[in-house]
Amino acid sequence: MNQFTAIIKKEGDWWIGWVEEVPGANAQERTKEELLASLQEAVRDILEIRREEARRQVEGNYEEVPLAV
């Protein structure tokens, strides 16, 4: 499980936020709780899309090795 940093703030009636480490992971919701849940989902979705893209680009035999960072 990785840890990411969300930047969040309230603007008018909305909570807006984005994730520093994952470009494109941003959201806008009515409550802080909904915003955090949306940001978590956005990170999961973006990372899965990037995994799929990386696997499609590799040719031949390859190995996936977990990295702890």
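This tour moves through a predicted model, from its sheet to its core and then to a few single residues.

**The sheet**

Begin by selecting the three strands. They form an open sheet in the order β1-β2-β3, with antiparallel pairing. Strands β1 and β3 (26-29) lie at the edges, each pairing on one side only. From one strand to the next, the twist averages 15°.

**From β1 to β2**

Display β1 (6-11) together with β2 (14-19). These strands run antiparallel and are joined by six bridges. Their hairpin has two residues between the strands, and Gly12 there takes a positive phi near 65°. Next, select Ile8, which stands opposite Gly17 in β2.

Which residue of β3 is the bridge partner of Gly17? The partner is Ala27. Now select Trp15, whose bridge partner in β3 is Glu29. Altogether, β2 and β3 pair in the antiparallel sense over four bridges. The hairpin that they form has six residues between the strands, and Gly24 in the turn has a positive phi of about 95°.

**The nonpolar core**

Select Trp15, Val19, Val22, Ala25, Ala27, Leu35, Leu39, Ala42, Val43 and Ile46: these ten residues make up the largest nonpolar core. At least two residues of this core come from each of β2 (14-19) and α1 (32-57). The largest share, five residues, is supplied by α1.

Within this set, centre the view on Ile46. Which residues does Ile46 touch, when those up to four places away in sequence are not counted? The contacts are Val22, Pro23, Gly24 and Ala25.

**Phe4**

Move to the segment before β1, where Phe4 is placed. Is Phe4 buried or partly exposed? Phe4 counts as partly exposed because its relative accessibility is 32%, whereas buried would require under 20%. Leaving aside neighbours within four places in sequence, Phe4 is in contact with Val19, Glu21, Val22, Val43 and Leu47. Val19, Val22 and Val43 also belong to the largest nonpolar core. To relate Phe4 to Val22, display their C-alpha atoms: these are separated by 8.3 Å, although the two residues are 18 places apart along the chain.

**Trp14 and Arg30**

Finally, select Trp14 and Arg30. What lies over the face of Trp14? Arg30 does, at 3.9 Å from the ring centre. A search for aromatic pairs across the whole structure, by contrast, finds zero.

Methods: Residues are numbered from 1 along each chain as its sequence is written. This is a predicted model: local features need pLDDT of at least 70, side-chain atom pairs count only at pLDDT 80 or more; totals for chains, interfaces and linings use all residues. Side-chain values use heavy atoms; hydrogens and water are left out. Buried means under 20% relative accessible area, exposed over 50%, partly exposed in between (1.4 Å probe, protein chains only). Contact means heavy atoms within 4.5 Å. A nonpolar core is a set of buried Ala, Val, Leu, Ile, Met, Phe, Trp, Tyr and Cys residues joined through side-chain atoms within 4.5 Å. Two strands pair if DSSP finds at least two bridges between them. Axes are lines fitted to C-alpha atoms, for helices over the stretch in contact, and angles run from 0 to 180 degrees between N-to-C directions. Rings of Phe, Tyr and Trp (its six-membered ring) pair if their centres lie within 6.5 Å; planes under 30 degrees apart count as stacked, over 60 as edge-to-face and the rest as tilted. A charge sits over a ring if NZ of Lys or CZ of Arg is within 6 Å of the ring centre and within 35 degrees of the ring normal.
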